[in-house]
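Please look over the protein and its DNA strands below.

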Amino acid sequence: MARGYWLLKSEPDVYGIEHLAGEPKQTARWDGIRNYQARNFLRDQVHEGDRAFIYHSQCKTVGIAGTARVVKAAYPDPAQFNPDSPYYDPKATEDKPRWFAIDIALDEVFDAVIPLKRIKQQAALEDMVLLKQGRLSVQPVTPEEWKEIHRLR
DNA sequence: GCCAACGTTGGC
DNA sequence: GCCAACGTTGGC
């Protein structure tokens with residue numbers, strides 16, 4: 001199967017690429033996704049070995065901060081079953097989990113974040129889901145877009 | 001902090 | 001099953 005490319009959004013104040021870089025083995029669970037469209041991509045289409053951009057939102061420099069690879073495909077997000085978690089979902093059951101998580105490992109931290117502004121200026125990137133649809137925290141990236149963004153580093 | 005976009009909820 | 005109200009996301 002062809003390798004898939006993705007863009008994963010995070011809020012660096014909560015959990016960003018710096019946190020991932022500080023994890024043991026630089027590996028972490030990517031959880032807390034509570035948007036159905038994002039959930040569907042995660043559950044149905046993200047595979048082990050796929051690559052992803054780590055995107056920082058809601059912060060000073062909004063943009064792509066680096067890359068990671070998927071080391072474990074989707075499994076039920078444990079946080080949905082934990083009443084103490086902010087991601088708790090009383091409607092989710094072990095039999096019928098609603099939300100999913102993946103495990104990712106850091107690949108590269110870019111020397112500088114590639115700002116959203118810069119991405120918007122590239123004609124080759126004008127069709128990126130990132131620019132078409134505002135609020136989607138897991139989204140597909142084409143191989144061409146993947147390459148083009150690496151050129152902007 | 002504002003506000004637009006958009007998905008979900010819930011009354012009927 | 002429609003659709004208005006509501007909540008969340010996310011750039012600025």
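The report below goes topic by topic.

## Basis of the model

This is a predicted model, in which local features need pLDDT of at least 70 and side-chain atom pairs count only at pLDDT 80 or more, while totals for chains, interfaces and linings use all residues. Residues are numbered from 1 along each chain as its sequence is written, chains are lettered from A and ligands numbered from 1 in written order, and side-chain values use heavy atoms, with hydrogens and water left out.

## The largest pocket

The largest pocket holds about 590 Å³ of space. A pocket here is an open set of points on a 1 Å grid over the protein atoms alone, where a 1.4 Å probe fits, with protein on both sides within 12 Å along at least five of seven lines; lining residues have an atom within 4 Å of a point. The volume is the space filled by probe spheres set on those points, which are joined across faces, edges and corners.

Which residues sit closest to the centre of the largest pocket? They are Lys 9, Ser 10, Gly 32, Ile 33 and Tyr 87, out of 19 lining residues. By class, the lining has 6 nonpolar, 7 polar and 6 charged residues. Ala, Val, Leu, Ile, Met, Phe, Trp, Tyr, Cys and Pro count as nonpolar; Asp, Glu, Lys and Arg count as charged; the others, Gly among them, are polar. At least two lining residues come from each of strand E1 (5-10), helix H1 (12-15) and strand E2 (27-30). These elements are DSSP runs numbered from the N terminus: helices (H or I) have at least four residues, strands (E) at least two.

## DNA strand B

Tyr 36, Gln 37, Gln 133 and Arg 135 are the residues around DNA strand B. To be near a strand, a residue needs a heavy atom within 4 Å of it. Of the atoms of DNA strand B within 4 Å of the protein, 69% are sugar and phosphate.

Arg 135 places a polar side-chain atom 2.4 Å from a sugar or linking oxygen of DNA strand B. A polar contact is a pair of N or O atoms within 3.5 Å; within protein, one must be able to donate a hydrogen and the other to accept it, and residues adjacent in sequence count only if both atoms are side-chain atoms.

## DNA strand C

The residues around DNA strand C include Lys 9, Tyr 55, Gln 58, Lys 120 and Arg 135. The surface near DNA strand C divides into 4 nonpolar, 3 polar and 3 charged residues. Sugar or phosphate supplies 74% of the atoms of DNA strand C within 4 Å of the protein, and bases supply the rest.

For Tyr 55, an N or O atom of the side chain is 2.7 Å away from one. For Lys 9, a polar side-chain atom lies 3.1 Å from one. Arg 135 has a polar side-chain atom 3.4 Å from a base oxygen of DNA strand C. Lys 9 is also among the residues closest to the centre of the largest pocket.

## Aromatic pairs

The structure holds 5 aromatic pairs. Rings of Phe, Tyr and Trp (its six-membered ring) pair if their centres lie within 6.5 Å; planes under 30 degrees apart are stacked, over 60 edge-to-face, and the rest tilted. Tyr 36 and Trp 99 are a tilted pair, because their ring planes meet at 45°, with centres 4.8 Å apart. The pair links parts of the chain 63 residues apart: Tyr 36 is in helix H3 (residues 36-44), Trp 99 in the loop between E4 and E5. Tyr 36 is partly exposed at 42% relative accessibility, whereas Trp 99 is buried at 3%. Buried means under 20% relative accessible area, exposed over 50%, and partly exposed in between (1.4 Å probe, protein chains only).

Phe 53 and Trp 146 form a stacked pair, 4.1 Å centre to centre with 25° between the planes. Phe 53 lies in strand E3 (residues 51-56) and Trp 146 in helix H6 (residues 143-151), so the pair ties together parts 93 residues apart in sequence. Both Phe 53 and Trp 146 are buried. With Tyr 5, they form one aromatic cluster.

## Loop residues

Lys 25 has a positive phi, near 60°, in a residue other than glycine. Lys 25 sits in the loop between helix H2 (17-22) and E2 and is exposed at 78% relative accessibility. Gln 58 also has a positive phi, near 55°. The place of Gln 58 is the loop between E3 and E4, and Gln 58 is exposed at 57%.

Asn 82 lies in the loop between strand E4 (63-76) and strand E5 (100-115). Asn 82 is partly exposed, at 34% relative accessibility. A polar atom of the Asn 82 side chain is 2.9 Å from the backbone nitrogen of Asp 84.
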